[in-house]
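Here is a short tour of a protein chain for anyone who likes to look closely at side chains. Take a moment with the sequence and the structure before reading on.

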Amino acid sequence: TFVILSAFFLLIFRPLLMKFTTNKPHETGMKGKYIGKVVKVISPITKTSGAITIYGERWEARIEGDGEIPEGADVKIIRNESLVMFVENVK
């Protein structure tokens, strides 16, 4: 009886449970934790200097191209190279 009921419930309930418990892959590492996040500028960012804060951590930041992003502005992290985050201005 146990084997028959187990097989029956497996055939009936497994497809229903699979619909509700699908595992969605999530990003890990730098891409999952930092890339794409909007953060605050704590030191004006230029091509050669600047800093941001994310999750209570201070990171060196740079922009691609010319210009400057002032302190207190919101920026989006687009990529990282070692310990430097590259950001773009949030419009």
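In what follows, two residues are in contact when they have heavy atoms within 4.5 Å of each other. Please keep in mind that this is a predicted model.

## A buried threonine in a loop

Let's begin with T46. This residue sits in the loop that links strand 1 (38-43) to strand 2 (51-54). Setting aside residues up to four places away in sequence, T46 touches A61, R62, I63, G67 and E68.

Is T46 buried or exposed? Its relative accessible area is 18%, and because buried means under 20%, T46 counts as buried.

## The nonpolar core

Now to the largest nonpolar core, which has 15 residues. The members that touch the most other members are I45, I52, I69, V75, I77 and V87. Strand 1, strand 2, strand 3 (57-63), strand 4 (74-81) and strand 5 (84-89) each contribute at least two residues to this core. Strand 3 provides the largest share, with 3 residues.

Beyond its neighbours within four places in sequence, I77 contacts Y34, I35, G36, K37, V39, I52, I54, M85, F86 and V87.

V38 belongs to strand 1. With a relative accessible area of 52%, V38 is exposed, because the cut-off for exposed is over 50%.

Which residues does V38 touch, not counting those up to four places away in sequence? They are D74, V75, K76 and V90. As for L83, this residue is 45 residues from V38 in sequence and 18 Å from V38 in space, C-alpha to C-alpha.

Technical notes. Residues numbered from 1 in each chain as written. Predicted model: local features only at pLDDT ≥ 70, side-chain atom pairs only at ≥ 80, totals over all residues. Heavy atoms only, no water. Helix = DSSP H or I, 4+ residues; strand = E, 2+ residues; numbered from the N terminus. Buried < 20%, exposed > 50% of the residue type's maximum accessible area, 1.4 Å probe, protein only. Core = buried A, V, L, I, M, F, W, Y, C linked by side-chain atoms within 4.5 Å.
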